[in-house]
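Open your viewer and get ready to select residues. We will go one stop at a time.

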Amino acid sequence: MAATPEATAALSELIAVVAQLRNPEGGCPWDLEQTHASLVPYVLEEAHEVADAIRHGDDAHLKEELGDLLLQVVLHAQIAQEDGRFDLAQITAGISEKLIRRHPHVFAGAEAADSAAVKANWDEIKAAEKATDPASEPSASPLSDRLAGKVRGQPALAGAMTISKKAAAAGFEWDDMAGVWEKVHEELDELKEAVASGNKAHAQEELGDVLFTLVNVARWCGIDPEAGLAGTNHRFLDRFSRVEAALGGKLQGRSIRELEGLWQEAKAQIRAEGSAPNR
């Protein structure tokens with residue numbers, strides 16, 4: 001789908017709006033204070049909100065959040081342009097060139113039978129690009145180096161899945177699911193020992209090991225740990241809000257027995273609502 005005149009005009013307007021926000025003469029004080037570093041939390045926040053809108057299938061929310069994420073791209077481009085380093089044109093030209101280069105089955109007459117072949121070609125082309133990069137030096141641990149760069153900007157859970165998949169593809173893998181579960185129990189025992197020792201730094205390390213191993217469980221089962229945790233967060237808040245409402249918003253001073261009873265009632269209520277026929 002080619003860009004429509006409306007899309008081109010709308011993007012041009014956004015660029016102009018951001019430029020005005022960053023204009024020392026009459027611009028916004030907050031926007032003028034921002035740097036690439038100060039905007040990092042906002043980039044991450046907007047990316048997570050896009051993912052949340054997708055999970056919930058909310059088109060209106062998704063449209064808004066994609067706009068917020070696009071704003072971050074344009075704002076970073078404006079900051080770099082002001083410093084004479086690069087601009088939005090160079091960003092878009094660079095990604096277009098990369099897409100054409102890494103899709104030879106679309107733009108250069110090569111063949112790719114399925115998405116697995118496409119991904120394999122992508123990885124091969126990417127590795128070849130890095131090998132010919134004058135700035136790159138031969139490495140004794142090339143896969144580890146690539147993964148370190150790849151996961152640097154990812155949330156920890158997503159990074160763990162990336163590392164797990166790549167390491168397994170390289171042959172660093174259990175023989176069967178039983179080995180994965182054995183590792184889970186081993187790491188849980190080590191976490192219990194670390195917590196009992198009172199050493200918080202050690203306990204944090206062991207907690208990370210447990211979570212990483214559970215990510216491997218997810219990979220073996222073909223499930224998404226990020227989506228699973230996001231679903232749990234949503235379910236917890238749904239149940240918790242009902243417990244709060246039942247207590248008039250006042251949880252202090254309640255026994256755990258009373259709270260657990262209300263929690264179970266909330267679970268049953270939600271389950272009943274989910275199974276009720278639509279009318």
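This is a predicted model: local features need pLDDT of at least 70, side-chain atom pairs count only at pLDDT 80 or more; totals for chains, interfaces and linings use all residues.

Now select residues 177-197. This is helix H10, with 21 residues. From first C-alpha to last, H10 reaches 31 Å, close to the 30 Å expected at 1.5 Å a residue.

Next, colour the buried residues of H10. Pick Gly-179, Val-180, Val-184, Glu-187, Leu-191 and Ala-194. Turn the view to look down the axis of H10. The buried residues fall within an arc of 145°, so they line one face of the helix. Here is some background. An α-helix has 3.6 residues a turn, so residues three or four places apart point the same way.

Which residues are exposed on the other side of H10? Select Ala-178, Glu-182, Lys-192, Glu-193 and Ala-196.

Go to the N-terminal end of H10. Asp-176 caps it. Show its side chain: an oxygen there lies 3.2 Å from the backbone nitrogen of Ala-178.

Then move past the other end. Gly-198 follows H10, and its phi is positive, near 80°.

Now select residues 200-221, helix H11. Find Arg-219 in this helix. Is Arg-219 buried or exposed? Arg-219 has a relative accessible area of 17%, and under 20% counts as buried, so Arg-219 is buried.

What is Arg-219 in contact with, leaving aside its neighbours within four places in sequence? Show Met-161, Ser-164, Lys-165, Ala-168, Glu-173 and Trp-174. Arg-219 is in contact with these residues.

Definitions and conventions. Residues are numbered from 1 along each chain as its sequence is written. Side-chain values use heavy atoms; hydrogens and water are left out. Helices (H or I, at least four residues) and strands (E, at least two) are DSSP runs, numbered from the N terminus. Buried means under 20% relative accessible area, exposed over 50%, partly exposed in between (1.4 Å probe, protein chains only). Contact means heavy atoms within 4.5 Å. The expected span of a helix is 1.5 Å times one less than its number of residues. The arc is that of the directions from the helix axis to the C-beta atoms. A polar contact is a pair of N or O atoms within 3.5 Å; within protein, one must be able to donate a hydrogen and the other to accept it, and residues adjacent in sequence count only if both atoms are side-chain atoms.
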